Amino acid sequence: MAGMVRLQDILDEMRARRSDVDVDLIKKAYVYSAKVHQGQLRRSGEPYLVHPLSVALIIAELNLDEASVVSALLHDTLEDTLATPEEVEALFGEKVRMLVEGVTKLSSLSFNTGQEKQAENFRKMLVAMSQDLRVIMVKLADRLSNARTLEFVDPEERKLFSQETLDIFAPLANRLGIQWIRSELEDCAFRWLHPQQHEEIEQRLAQVRTERKQYIEKVVDFLESTAEKNEIEVRVSGRIKHPYSIYRKMLQKHIDFEQIYDIIAFRIITGNVGDCYRVLGLMHSLWKPVAGRFKDYIAMPKINHYQSLHTTVLGGEGERVEIQIRTEEMHRIAEQGVAAHWAYKEGVSDRSPDKDRSQFAWLRELLEQHKEMKDPAEFLDTVRVDLFSDEVFVFTPRGDVKAMPRGATALDFAYAVHTEVGHRCSGAKINGKIAPLRHRLKNGDTVEILTSKKQKPSKDWLSFVKTSRARNKIRSVIRAEQRRRSREIGREVLEKECKRHGINLSRSWRSGLVHQSAEALGYGSAEEMLVALGYGKISTTRVIEQLLPESKRKEQQEALERLKPSRIGQLFKRPARKTGSGILVQGLEDVMIRFGKCCNPIPGDPLVGVITRGRGVTVHTRSCRRVLEADSDRLIDVKWNVAQDVVRTVSVRVLCEDRPGMLANLSNILSESDINISQVSARVEDVGRAICHFKLAIGSLDQLQAVIGKMERIKGVLSVERIQS
């Protein structure tokens with residue numbers, strides 16, 4: 001249970017950071033919150049007021065203004081009590097009312113929902129952030145306070161909360177530069193998502209703290225005394241890395257805990273930037289630096305304004321020592337991020353100056369870029385890249401620095417320069433040497449783009465570009481080409497059918513009859529109708545019915561009436577057809593169904609169909625990249641037929657310790673869950689590590705998630721994931 005927070009703790013924290021604190025306003029908010037929450041209890045059995053007090057203390061620790069602290073104390077009043085926005089505004093002002101309303105709206109957003117709802121919730125969050133960043137700061141503090149008391153929450157709800165925290169809120173805290181909140185959120189989520197792995201790492205770290213306490217003190221004393229001898233004033237501290245960061249490193253590098261050499265990190269705080277580089281030179285003269293482990297984030301700050309020098313050296317005892325060197329101001333920004341240079345500080349008006357606004361221009365640019373994006377899957381794909389990616393820094397031939405997402409390629413760089421440069425990109429020179437378009441950029445690379453007038457975007461490019469800008473520009477060109485080709489096919493098909501019925505298509509086009517027919521069939525223009533014909537979304541029969549003169553249409557109707565009623569029903573009134581694949585395609589009959597090998601859907605996955613002329617409908621998961629590449633006119637609603645039992649093959653990869661009986665333990669779990677194994681393979685990946693691949697016959701997404709949860713709880717299992725090619 002989190003420690004009890006008192007109002008005095010909040011006031012003390014505010015006074016320690018600010019010279020002029022409106023104590024009366026904060027006390028007034030405390031009294032009001034206590035009154036409206038009276039009688040309410042948390043799941044832990046504590047009075048509900050404990051929660052808003054905890055949130056307010058976190059906000060005070062972030063050095064935010066009184067309005068933010070007051071909003072933290074009141075953040076649940078509109079949602080959970082009889083308080084009204086009008087009453088909040090009358091008592092605390094318009095600014096506080098707007099902040100409390102903003103946090104209330106964010107509290108109703110869930111990121112574990114269906115794709116369309118999830119995309120809309122992301123949009124709402126970005127809008128709230130762009131209007132006033134204090135809203136998202138209070139929301140992060142609220143999330144952290146709740147994360148600290150998850151032991152009182154229902155296990156299933158706790159797991160969903162933790163996954164959402166890891167996927168959304170921890171990366172968001174990182175993007176805003178608040179590292180201590182990010183670390184604590186990650187560790188809280190890690191504890192409940194992977195309890196066994198968390199406990200093992202915590203035990204190992206506790207052992208390290210005990211064993212290395214004297215070592216840390218020794219290194220700190222040595223660094224401080226060495227700096228003092230060289231007349232450099234510093235403050236040195238040593239720390240043990242966080243459990244989740246160690247777990248992530250073990251997974252990424254497929255190594256054991258014992259193989260992580262930089263569990264202990266030292267931080268040196270100096271008086272100015274010049275001293276940072278002097279200390280760095282001193283460290284490298286005393287201890288041998290490890291090649292490739294030096295990063296200068298002072299010269300090239302991260303996009304969240306983080307600045308520091310990072311180096312790893314071989315210490316006096318032959319151990320790797322990670323050292324961060326920064327000034328006091330840099331340290332404040334590294335810990336508090338956006339709050340460290342907040343626009344609502346003492347002496348600053350509510351209208352923040354352009355200089356402060358420009359520091360967070362990335363947020364407004366992100367919002368503008370995605371404002372017109374209609375497809376939810378595409379929006380989610382791009383926002384995660386833009387909001388939650390790490391960075392590398394590269395140079396143009398002129399020496400300008402560009403920040404790119406980690407994993408970005410030479411082609412991403414080309415599109416970052418200009419859209420046309422990207423479209424015409426034929427290759428690149430990386431550090432003076434010719435490199436392919438898919439070459440992944442590294443910190444410090446100098447990139448020169450080579451172009452050709454004959455070059456044009458290829459669908460293959462989508463398989464390796466990283467940035468949303470490049471992906472969106474390539475998709476736009478490919479979709480335009482797909483539409484152009486489909487329009488041509490649609491016109492050819494319609495012309496043939498018109499000739500067969502004695503209709504002059506050119507004359508019908510000039511007279512406006514084709515456009516009228518398109519409108520009658522629900523299309524905005526004749527062009528759109530031709531595209532639909534080309535994709536196979538509409539039959540030529542329906543178009544011809546509209547184009548035929550009234551007399552000929554009457555003749556056909558009379559001929560049809562002479563047929564049997566059952567035949568007429570077959571021609572015009574066939575209902576949606578249930579296919580043997582377990583898929584129901586709305587509005588189409590006799591449909592050929594194929595499942596996309598790229599995403600391999602299973603019952604429970606949200607679906608979308610992609611129409612392919614001559615090959616029926618290919619069924620994909622909504623998040624599949626092939627769906628993102630397809631023109632929206634080719635997409636059609638499909639759904640699982642819940643009345644039909646369907647079993648699909650799914651690939652699952654397990655990363656685990658290499659020890660006897662592990663494969664048998666995994667197989668037993670599958671057998672107990674009544675899941676058939678169609679194929680299994682295992683290989684040793686590294687010393688003490690193995691990877692097992694299973695192909696399983698799965699009947700539903702719930703069944704898959706349940707068995708993955710059971711496998712993760714086996715001692716020695718590091719991760720279990722569903723593989724999609």
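How are α11 and α12 oriented to each other?

1. Basis. This is a predicted model, in which local features need pLDDT of at least 70 and side-chain atom pairs count only at pLDDT 80 or more, while totals for chains, interfaces and linings use all residues. Residues are numbered from 1 along each chain as its sequence is written, and side-chain values use heavy atoms, with hydrogens and water left out.

2. The helix pair. Helix α11 (residues 179–193) packs against helix α12 (residues 195–229) at an angle of about 120°, and their axes are 5 Å apart. The two are therefore oblique to each other; angles under 35 degrees count as roughly parallel, over 145 as roughly antiparallel, 65 to 115 as roughly perpendicular and the rest as oblique. Axes are lines fitted to C-alpha atoms, for helices over the stretch in contact, and angles run from 0 to 180 degrees between N-to-C directions. Helices (H or I, at least four residues) and strands (E, at least two) are DSSP runs, numbered from the N terminus.

3. Their contact. From α11, Asp187, Phe190, Arg191, Trp192 and Leu193 meet Pro195, Gln197, His198 and Ile201 of α12 (contact means heavy atoms within 4.5 Å).

4. Helix α11 itself. Its 15 residues reach 21 Å from first C-alpha to last, close to the 21 Å expected at 1.5 Å a residue (the expected span is 1.5 Å times one less than the number of residues). Of the 15 residues of α11, 11 are buried, so the helix is largely enclosed by the rest of the structure. Buried means under 20% relative accessible area, exposed over 50%, and partly exposed in between (1.4 Å probe, protein chains only). Among the buried residues are Arg182, Glu186 and Asp187, and Asp187 is also one of the residues that meet α12.

5. The sheet. Three strands form an open sheet in the order β10-β9-β11, with antiparallel pairing. The edge strands, β10 (433–435) and β11 (447–451), each pair on one side only. The twist averages 35° from one strand to the next. Strand β9 (residues 425–430) pairs with β10 over 3 bridges; two strands pair if DSSP finds at least two bridges between them. Ile430 has Lys433 in β10 as its bridge partner.

6. Two asparagines to check. Most residues other than glycine have a negative phi. Asn431, in the loop between β9 and β10, has a positive phi of about 55° and is partly exposed, at 45% relative accessible area. Asn63 has a positive phi of about 65° and lies in the loop between α3 (50–61) and α4 (66–74). Asn63 is buried, at 16%.
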